[in-house]
Number of protein chains: 4
Amino acid sequence: MTKKIRVGMIGGGPGAFIGAIHRRAMWLDNRFEIVAGAFSRDAEKSRQMAAELGVDADRAHTSADKLMEAEKLLPVEDRIQCISVVTPNAYHYEACALAVENGFHIVCDKPPTRTLEETIALKELLAGSPSLYALTFTYLGYPMVHEARSRVLNGDIGKIRKVFVQYPQGWLSTPLEKEEVKQASWRTDPALSGPAGCLGDIGTHAFSLAEFISGKKVNSVCADIRSFVDGRLVDDDVSVLMGMSDDVSGVLLASQIMAGEENALTIKVYGETGGFQWSHSDPNTLIHMDLNGPTQILRAGQDNGYLSAQTQQLLRTPSGHPEGFIEAFSNIYGQMADAIVGNGELGEGVGIEAGERVMRFVDAVLTNAISSEKWTEM
Amino acid sequence: MTKKIRVGMIGGGPGAFIGAIHRRAMWLDNRFEIVAGAFSRDAEKSRQMAAELGVDADRAHTSADKLMEAEKLLPVEDRIQCISVVTPNAYHYEACALAVENGFHIVCDKPPTRTLEETIALKELLAGSPSLYALTFTYLGYPMVHEARSRVLNGDIGKIRKVFVQYPQGWLSTPLEKEEVKQASWRTDPALSGPAGCLGDIGTHAFSLAEFISGKKVNSVCADIRSFVDGRLVDDDVSVLMGMSDDVSGVLLASQIMAGEENALTIKVYGETGGFQWSHSDPNTLIHMDLNGPTQILRAGQDNGYLSAQTQQLLRTPSGHPEGFIEAFSNIYGQMADAIVGNGELGEGVGIEAGERVMRFVDAVLTNAISSEKWTEM
Amino acid sequence: MTKKIRVGMIGGGPGAFIGAIHRRAMWLDNRFEIVAGAFSRDAEKSRQMAAELGVDADRAHTSADKLMEAEKLLPVEDRIQCISVVTPNAYHYEACALAVENGFHIVCDKPPTRTLEETIALKELLAGSPSLYALTFTYLGYPMVHEARSRVLNGDIGKIRKVFVQYPQGWLSTPLEKEEVKQASWRTDPALSGPAGCLGDIGTHAFSLAEFISGKKVNSVCADIRSFVDGRLVDDDVSVLMGMSDDVSGVLLASQIMAGEENALTIKVYGETGGFQWSHSDPNTLIHMDLNGPTQILRAGQDNGYLSAQTQQLLRTPSGHPEGFIEAFSNIYGQMADAIVGNGELGEGVGIEAGERVMRFVDAVLTNAISSEKWTEM
Amino acid sequence: MTKKIRVGMIGGGPGAFIGAIHRRAMWLDNRFEIVAGAFSRDAEKSRQMAAELGVDADRAHTSADKLMEAEKLLPVEDRIQCISVVTPNAYHYEACALAVENGFHIVCDKPPTRTLEETIALKELLAGSPSLYALTFTYLGYPMVHEARSRVLNGDIGKIRKVFVQYPQGWLSTPLEKEEVKQASWRTDPALSGPAGCLGDIGTHAFSLAEFISGKKVNSVCADIRSFVDGRLVDDDVSVLMGMSDDVSGVLLASQIMAGEENALTIKVYGETGGFQWSHSDPNTLIHMDLNGPTQILRAGQDNGYLSAQTQQLLRTPSGHPEGFIEAFSNIYGQMADAIVGNGELGEGVGIEAGERVMRFVDAVLTNAISSEKWTEM
């Protein structure tokens with residue numbers, strides 16, 4: 001084994017959801033070790049998490065700034081190589097900008113930053129910098145999503161006509177943010193998450209998946225966004241018609257008030273001769289509908305010879321052994337590990353360009369939502 | 001048994017799809033007998049179908065006009081009581097108007113007429129007339145659709161927030177209308193089907209289902225409609241954002257170019273505390289999602305005590321014995337039979353008012369589609 | 001239309017489950033008319049049902065005997081041509097034997113008779129008689145069951161190795177027979193249903209399906225049968241290992257105490273290169289598993305060109321329009337109608353030979369159940 | 001964090017399937033580190049794997065014997081604490097016996113040993129020893145399996161009546177063992193895997209799951225076992241009737257020649273008032289069938305308050321985020337970690353007693369298979 005990649009985590013203090021996922025995603029394949037962190041702005045909490053993770057107490061900090069300052073003083077062979085950013089959106093830009101400045105690689109939870117402007121600024125910083133950058137658009141880590149993209153681009157269903165993606169959740173059906181539920185509070189606070197709520201939190205996942213699998217770009221949007229829960233400061237339900245490149249018609253739904261729904265992000269892409277369907281509710285399956293023949297059920301499995309080589313590489317088990325959310329996350333970290341050691345490149349869809357596109361989408365939808373014009377270009 | 005209701009069929013000649021369905025729908029419960037028909041404009045074909053059905057040759061005609069003229073001469077106890085209209089849309093108005101004029105009841109395939117204007121005219125004719133009128137919005141004949149409506153109106157999922165309905169088909173992915181496929185030809189010919197294609201053919205089903213189950217009315221639409229197949233004269237793909245009463249947000253998709261799809265009309269209705277999902281791909285099941293507890297799978301079955309009395313009456317078998325499309329169709333005919341013999345009323349959703357609403361919807365969507373204004377009132 | 005076939009129904013009085021199914025199965029395709037009946041041993045009830053069905057009061061009788069005596073006096077062109085036997089099992093033999101004697105055709109609910117001896121006697125009566133005979137092994141009327149058989153016999157999955165069939169029901173989990181539930185009472189009364197309970201009622205369906213689809217014969221059985229409900233006089237749970245022809249291994253489960261199950265008869269047949277699965281819970285689908293490639297979802301539909309011609313003929317609708325239990329039943333009546341008018345033959349699997357096989361199976365299982373020998377030949 | 005537990009792996013050289021799973025199961029929660037290994041009997045391969053894993057070359061050995069000898073010389077704080085045994089079955093006993101002798105804890109892949117005799121001997125060695133012992137009966141690591149057991153034992157479906165478990169695989173439908181496929185070769189070689197093939201490999205999983213969820217014990221078996229593939233030295237298809245405690249009736253199927261099947265281990269347990277179904281094809285779902293009400297779909301999720309506290313502790317993500325095979329495996333390692341640090345006990349079902357039961361089951365089935373007696377006690 002080449003040595004494990006040394007990571008400093010920004011965010012991910014006690015009780016955080018996504019920080020714990022990032023950590024397991026790093027551990028699963030044993031290619032990363034967390035050696036430092038600014039786990040919390042509260043020094044006590046940051047040290048507590050460090051202790052829990054086996055990180056030296058003197059490498060537990062209270063800000064990205066202090067972490068990087070301290071790490072720069074360490075010998076290069078001990079120093080972190082990469083940061084993992086798992087804070088609320090509002091703190092992404094600062095951490096990433098500092099990482100570029102200090103020559104660290106970056107894995108950052110989506111969306112890239114709180115605003116489009118920050119994302120553009122970050123993109124400029126990254127241009128020409130040696131820092132590698134990956135956004136954890138989790139669903140792009142699922143092997144069968146790659147299989148779908150590969151088959152669509154290969155022409156298996158002919159010229160693409162229609163893309164329909166929905167991301168239904170129900171957990172924000174009530175004003176959870178008033179009950180001090182941490183996940184709900186920051187996600188519905190524009191100062192921390194940005195001007196978009198559901199749109200930014202999960203609409204962005206749906207958008208990135210739609211462009212990734214279809215290979216088409218959204219050019220214009222027409223949206224109906226709502227905030228159903230009294231007193232909520234951001235949207236919680238989003239419906240978007242999308243004009244896509246090559247005359248493809250797109251529809252995107254994202255909602256956090258579809259009461260009783262869990263997390264069943266589902267995409268359907270149709271071409272002239274068939275369609276593909278992938279759903280997070282059964283992520284190891286890809287359904288291939290055919291205009292003239294029976295529907296085929298493609299299944300994940302290292303041993304399924306009909307899958308592409310890339311899909312097989314993203315799998316850890318033979319067919320019939322379910323892989324899930326953490327494995328998908330880990331596949332994005334795996335791309336970063338490969339890129340750092342020079343064994344591969346970061347895939348399309350997880351770079352800053354993809355990040356910029358989701359931020360432009362958010363912006364266009366928010367603009368359209370208050371416009372009487374039907375379509376807004378993005 | 002009260003005697004069987006005597007029916008004259010308009011349309012439904014050799015090779016017709018929907019005519020054969022209407023006939024079986026009438027036969028299934030043995031409450032109707034077809035005793036006359038204008039099965040085809042071709043005399044030979046009309047007689048051929050009459051012979052096949054055991055209808056007297058002299059009661060086989062070539063137009064609704066001639067049929068009714070002849071029937072009026074018969075003793076009232078032999079004369080048809082009701083017509084069943086299964087022609088292309090363009091001929092609906094004439095047949096129905098004549099029926100009203102001659103005092104016959106009407107079961108008519110949807111949509112009510114070729115244009116909104118004709119529907120309004122028909123509505124006026126029906127007002128004050130003793131003729132009973134039912135549209136075969138087939139999906140409103142499914143027992144679990146009634147169960148969904150009943151539970152929604154009962155408040156089981158709280159105040160409604162979101163309605164999402166999709167009707168995916170793929171059979172018109174190629175220019176079938178150029179290959180002399182009868183079903184495809186008239187459905188894509190504006191002179192026969194009306195200005196709308198997919199929108200009128202199946203978008204209307206989706207619309208009627210959405211209003212029926214949710215109990216909410218569509219007030220405004222914002223649409224993206226397409227015609228993907230070269231040379232096609234009508235739309236074949238429809239995406240609509242809908243403003244509904246009581247601030248409900250609606251989305252409707254209907255397509256005939258989702259290659260590989262069959263006929264899986266699916267609706268989801270969400271309220272503050274849960275949601276219902278019904279799909280034509282599993283029509284004997286109603287899924288009840290709950291904000292706080294496990295999802296429940298409600299199942300059709302005369303013996304399922306948790307279903308409403310009305311739902312149970314629409315069923316012919318105990319749980320686990322699948323009922324399907326013809327049974328649903330037959331339930332609408334059953335309502336007509338009950339109404340004719342005075343044992344019940346025609347249900348909401350299948351009358352001319354519902355017919356007018358779908359025609360207004362079609363009109364509003366077509367208007368919006370070529371407008372730069374975002375929303376069109378309906 | 002050739003004239004409708006005239007039927008006399010034996011059994012099927014007020015409140016009967018299976019009688020109502022048989023009637024709708026006859027009506028659905030408009031090829032039969034019920035013109036006489038011995039609907040009940042109670043004269044009042046028999047006349048009541050006759051009135052409900054539009055049958056002349058003087059053709060309503062109280063026994064098969066009286067019905068046939070009376071019908072024989074009618075002109076041949078008015079006289080019934082066929083009887084439909086829907087009584088409890090104990091009365092099957094008498095009705096069928098009389099029909100043979102009087103030259104009527106027979107459609108009989110399964111199993112053929114109460115005992116194997118009666119079935120053998122009936123088989124002898126039928127031999128050389130002009131009476132046509134069909135058992136309503138309902139599941140053999142499902143189009144996708146025929147497709148499965150056709151593909152298995154065609155070698156699509158290679159040499160058959162394993163057959164697994166299960167018929168889970170839960171409705172007899174409690175002593176319903178003590179609560180005067182008609183369906184439960186006679187089915188658990190050996191005098192009316194025969195020595196077998198669940199085994200005879202639904203185990204026979206499972207057995208007939210297994211032999212029909214696999215094309216293999218059961219040679220020996222090894223069984224564990226139980227009666228879980230206190231005071232029940234017959235078995236309510238059956239598990240059978242089966243030695244089948246050509247070294248095929250079979251397993252059959254049937255139960256009426258699998259609490260919460262409906263009626264999801266499911267069969268899996270595996271060969272050297274793949275397997276087929278069909279389930280009554282989704283009867284319009286046939287799943288084709290492949291050793292080396294993706295699973296294929298075959299779907300019912302007149303327009304699905306990949307189905308066999310025979311399967312297409314058994315369908316009434318295009319793909320995506322669900323057909324169900326009554327349609328399957330009607331397909332068996334359709335075979336009888338074809339055979340009567342000389343347009344076809346009764347299919348394998350619904351004749352008296354198939355009936356004899358299920359009775360031998362019941363006998364062998366009951367014998368084995370009380371034996372310390374592992375295997376009992378059948 | 002308490003320091004990570006130091007593990008020596010026995011087996012798991014280059015290309016091994018289950019070794020790689022064990023490693024990821026250890027890494028996922030960051031509680032174990034592999035510091036030594038006898039990865040292969042080939043010194044070169046063992047060193048190669050050590051290098052790949054970041055294990056010091058001088059801690060890479062060629063046998064369990066040499067590994068333990070060397071480890072015993074290290075300071076207790078560096079020395080391994082636990083071994084992970086992932087060799088073919090034939091080598092389990094030696095490794096485990098040595099571990100007990102040397103005071104190491106043991107995680108061992110199932111089955112415990114090649115023969116029942118060895119398992120009994122190991123059980124005696126373990127009795128009174130401080131060594132902790134866990135078998136990776138993987139499916140007992142799935143959270144919803146625990147939920148099922150907890151609800152069954154809690155009486156949610158009343159007195160248990162029927163257990164049905166099936167483990168269908170198809171990958172050994174052809175003589176893979178002759179094609180030098182490593183997984184196939186040792187699993188079909190009695191010298192390496194034991195006298196049972198499919199029975200020992202996956203029948204044991206099905207058996208352990210059946211006893212775990214139902215809380216009932218198998219007392220007697222009646223089996224039909226086959227070897228369908230020419231030249232195969234062990235069984236590849238197993239059907240077993242089981243007499244279980246408290247008059248429960250059990251049926252177990254396991255097969256490796258159900259062509260086209262993957263790994264969909266499925267269990268159904270029925271009681272007087274309902275049933276539970278769990279399937280590896282959808283492992284985050286537990287289906288609760290109810291005799292009188294709708295079926296409920298219970299779903300995995302840390303945030304699903306209706307799950308038991310224990311189930312929630314076995315989960316790493318909120319509802320809708322699929323967890324899979326590696327997570328289940330890791331849950332068993334997690335039990336070992338808790339037990340080693342004194343924070344918990346090893347759960348029922350993964351100890352040597354459970355191991356002994358599966359070996360007795362294998363023995364009884366093999367005995368019965370060649371007997372003309374119907375039932376064999378176990």
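Five strands of chain A form an open sheet, arranged in the order 2-1-3-4-5, with parallel pairing. The structure is a predicted model.

- Strand 2 (32-38) and strand 5 (133-136) of chain A are the edge strands, since each of them pairs on one side only.
- On average, neighbouring strands of this sheet are turned by 25° against each other, with direction ignored.
- Strand 1 (residues 5-10) and strand 3 (residues 82-85) of chain A run parallel and are joined by four bridges.
- Within this pair of strands, Ile10(A) stands opposite Val85(A), which belongs to strand 3 of chain A.

**A helix on the sheet**

- Helix 3 (residues 64-72) of chain A packs on the sheet, where it touches strand 1 and strand 2 of chain A.
- The direction of helix 3 makes about 120° with that of strand 2 of chain A.

**The contact between chain D and chain C**

- In this contact, 35 residues of chain D meet 35 residues of chain C.
- On the side of chain D that touches chain C, the elements giving two or more residues are strand 6 (160-168), strand 7 (218-226), strand 8 (237-244), strand 9 (248-255), strand 10 (266-271), strand 11 (274-279) and strand 12 (285-290) of chain D.
- Strand 9 of chain D provides the largest share of this side, namely four residues.
- Sorted by class, the side of chain D that touches chain C consists of 13 nonpolar, 12 polar and 10 charged residues.

Terms used:
Residues numbered from 1 in each chain as written. Chains lettered and ligands numbered in written order. Predicted model: local features only at pLDDT ≥ 70, side-chain atom pairs only at ≥ 80, totals over all residues. Pairing = 2+ DSSP bridges. Axes fitted to C-alpha atoms, helices over the stretch in contact; angles between N-to-C directions. Contact = placed C-beta atoms within 7 Å. Nonpolar A, V, L, I, M, F, W, Y, C, P; charged D, E, K, R; others polar.
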